[in-house]
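Take a look at the sequence and the model below.

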Amino acid sequence: MKTINIKFDERSYPIYIGEGLISNYELIGQHLPHKKIAIITNDLVADIYLAPLINSLSPHKDVISIFLPDGEKYKNTDSLNIIYSELLKNKADRNTTLIALGGGVIGDLTGFAAATFMRGINFIQIPTTLLSQVDSSVGGKTGINHPLGKNMIGAFYQPKCVITDVNVLSTLPRRELSAGLAEVIKYGLIRDVRFFEWLEDNIQSLVAM
């Protein structure tokens, strides 16, 4: 496992990268100081990854699951209110930690809900697409779309940690993998010539993962 530490004055956090991390309670539990946990996900992701996560957490924590529709068009106030309503119905409080289990839409919604519920509670990112692993789960950008513009409502709010389980890449459709690789290629062009050249040399094997 590799750990990258993102340094901010008050909201520094680690990014863990490795295999089998979704079911690694010893790792995730370090960032869960209180009993109540709410996992926000969608049916597509839940079918594959929710059970391993719950199985690792439930012997130690009080876990609820909140399901949102899948897709960018659902990154809106309706989905945000689903999260708020389920948290309130289950008597969530300021000690509740949210876990975003999904791609960028789930991560953005969960992060914004965490930033605003009871004026701010903890959350953890578990990104399940390559694009969310290399982009939206990092940097603290959270938010929702508005009919007049994308990501017009949101907040910068850092997670307690990011759990990047590389095993999820094996279940991604080719289009999702390509979208993430395009973002990685952009990083090489912007900042690191040697990394970009390495990507050129290895792109076929990366796409074939």
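What volume does the largest pocket have? In this predicted model, the volume of the largest pocket is about 880 Å³. Its lining is made of 34 residues, and those nearest the centre are G103, G104, V105, T129 and S132. Two or more lining residues come from each of α2, α4, α5 (130-136), β7 (141-146), β8 (149-156) and α6. Of these elements, β8 gives the largest share, six residues.

The interior comes next. In soluble globular proteins, nonpolar side chains tend to be buried together. Here the largest nonpolar core has 30 residues, and the members that touch the most others are L53, L101, I126 and I163. Two or more residues of this core are supplied by each of α1 (25-28), β3 (36-42), α2 (43-57), β5 (97-102), β6, β9 (161-165), α6 (174-191) and α7. The largest share, six residues, belongs to α2. To follow one member in detail, select I163: leaving aside residues up to four places away in sequence, I163 touches Y16, L21, L27, I28, I124, Q125, I126 and P127.

Now to the aromatic rings. How many aromatic pairs does a search of the whole structure find? The search finds four. One of them joins Y84 and F117, whose ring centres are 6.5 Å apart with 20 degrees between the planes, and this pair is stacked. Y84 belongs to helix α3 (residues 77-89), while F117 sits in the loop between α4 (104-116) and β6 (123-127), so the pair ties together parts that are 33 residues apart in sequence. Y84 counts as buried because its relative accessibility is 19%, and the cut-off for buried is under 20%. F117, with a relative accessible area of 5%, is buried as well.

F195 and W198 form a stacked pair because their ring centres are 6.3 Å apart and their planes meet at 10 degrees, and planes under 30 degrees apart count as stacked. Both residues lie in helix α7 (residues 193-207), three residues apart, which is about one turn of the helix. F195 is partly exposed at 30% relative accessibility, and W198 is partly exposed at 43%.

R11 lies over the face of Y157, at 4.6 Å from the ring centre.

Key: Residues are numbered from 1 along each chain as its sequence is written. This is a predicted model: local features need pLDDT of at least 70, side-chain atom pairs count only at pLDDT 80 or more; totals for chains, interfaces and linings use all residues. Side-chain values use heavy atoms; hydrogens and water are left out. Rings of Phe, Tyr and Trp (its six-membered ring) pair if their centres lie within 6.5 Å; planes under 30 degrees apart count as stacked, over 60 as edge-to-face and the rest as tilted. Helices (H or I, at least four residues) and strands (E, at least two) are DSSP runs, numbered from the N terminus. Buried means under 20% relative accessible area, exposed over 50%, partly exposed in between (1.4 Å probe, protein chains only). A charge sits over a ring if NZ of Lys or CZ of Arg is within 6 Å of the ring centre and within 35 degrees of the ring normal. A nonpolar core is a set of buried Ala, Val, Leu, Ile, Met, Phe, Trp, Tyr and Cys residues joined through side-chain atoms within 4.5 Å. Contact means heavy atoms within 4.5 Å. On a 1 Å grid over the protein atoms alone, a cavity is a set of points where a 1.4 Å probe fits but cannot get out, and a pocket is an open set with protein on both sides within 12 Å along at least five of seven lines; lining residues have an atom within 4 Å of a point. Grid points are joined across faces, edges and corners, and a volume is the space filled by probe spheres set on the points.
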